[in-house]
Amino acid sequence: MSTIEISSILENSKELDRLRKEQEDVLLEINKIHKKLQSTPEMVEKSGDNVLLKLRALYVQAKELSENEVSVSNALINQLDTLLQSGLSAAQRKKIEVTEQKKKRMKTETDISKYPPVVSMRNQLELAAGLKGEQVAARVTPDDAEKDEWFVVKVTYFDREAKEFEVFDEEPGDDEDGGGQRTYKLPMSRIIPFPKRNDPSSAPDYPTGKCVLAVYPGTTALYKATVVNPHRKRKSDDYLLEFDDDEEDGSMPQRTVPFHKVVPLPEGHRQ
């Protein structure tokens with residue numbers, strides 16, 4: 001057994017600790033909002049969709065943290081299986097067993113049942129209806145497309161019965177039909193609201209190294225990017241991002257993007 005292998009296992013164990021703490025922070029924020037909603041239901045009407053947007057963003061963040069925990073846990077299991085098969089001394093086995101027990105305990109404690117119930121469908125529909133006139137991120141390509149294409153569009157109408165948005169691309173197109181504004185009818189699953197420009201508290205705080213979907217500067221298109229800010233003191237601060245496939249002269253330029261033009265990277269994104 002090499003020192004490198006043990007070091008890798010310990011690093012993954014530290015990553016689980018970090019994920020656990022971050023999950024606890026997110027859960028605390030979710031519980032605070034739920035308590036406010038339970039004690040003062042009229043809060044939703046007074047605050048508009050800001051509270052629901054913040055709550056949705058927190059659930060998205062909690063889901064991502066949970067998925068990351070599963071990924072790290074699987075990596076640890078594979079590392080442990082490899083080491084156990086290679087033969088370890090009694091002392092070494094004991095150290096690995098302690099790490100594995102800790103991992104299992106953390107997984108149990110962060111089970112999804114620990115989280116409060118998700119926002120009801122009624123609240124989701126209220127949130128969607130409140131987006132009329134707002135700019136949102138929209139995937140305009142069908143589910144069977146080779147690549148996902150996301151653009152900034154404006155919501156003109158939300159059909160509650162069909163659970164479908166009517167949106168239009170404010171940028172003139174260059175199609176053969178004369179380059180007019182393109183309109184789309186899209187399901188809720190293909191729309192992501194942007195954080196409120198005047199309410200930074202509604203925006204998730206993405207850590208360095210996090211993959212996101214962001215508006216490429218000077219365009220209305222969104223692409224996968226990685227957060228490279230060493231520090232963001234306030235949620236209203238811009239993000240410094242490296243966009244995928246944005247290489248220039250053999251290096252990846254770092255581009256500044258406002259916080260209200262950055263959203264979570266959708267699961268299964270294809271680019």
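**Cavities, pocket and rings**

Modeller: Searching the whole structure turns up two cavities of 30 Å³ or more. This is a predicted model, where local features need pLDDT of at least 70, side-chain atom pairs count only at pLDDT 80 or more, and totals for chains, interfaces and linings use all residues. Residues are numbered from 1 along each chain as its sequence is written, and side-chain values use heavy atoms, with hydrogens and water left out.

Biologist: What makes a space a cavity and not a pocket?

Modeller: On a 1 Å grid over the protein atoms alone, a cavity is a set of points where a 1.4 Å probe fits but cannot get out; a pocket is an open set with protein on both sides within 12 Å along at least five of seven lines. Lining residues have an atom within 4 Å of a point. The largest cavity holds about 120 Å³, and 13 residues line it. L53, A57, P193, P195 and S202 lie nearest its centre.

Biologist: How many residues of that lining are nonpolar?

Modeller: Eleven are nonpolar, one is polar and one is charged. Ala, Val, Leu, Ile, Met, Phe, Trp, Tyr, Cys and Pro count as nonpolar, Asp, Glu, Lys and Arg as charged, and the others, Gly among them, as polar.

Biologist: What is the volume of the largest pocket?

Modeller: About 1100 Å³, where a volume is the space filled by probe spheres set on the points, joined across faces, edges and corners. Of its 33 lining residues, R56, V60, K63, S189 and I192 are closest to the centre. The lining has 18 nonpolar, five polar and ten charged residues.

Biologist: Why is the pair of Y206 and Y239 called tilted?

Modeller: Rings of Phe, Tyr and Trp (its six-membered ring) pair if their centres lie within 6.5 Å; planes under 30 degrees apart are stacked, over 60 edge-to-face, the rest tilted. For Y206 and Y239 the centres are 5.8 Å apart and the planes at 50°, so the pair is tilted. Both Y206 and Y239 are buried (under 20% relative accessible area; exposed is over 50%, partly exposed in between; 1.4 Å probe, protein chains only).

Biologist: What makes Y216 and F243 edge-to-face?

Modeller: Their planes stand at 65°, with 5.0 Å centre to centre. Y216 and F243 are buried as well.

Biologist: How do you know that K261 lies over the face of F194?

Modeller: The test asks for NZ of Lys or CZ of Arg within 6 Å of the ring centre and within 35 degrees of the ring normal. K261 lies over the face of F194, at 5.0 Å from the ring centre.
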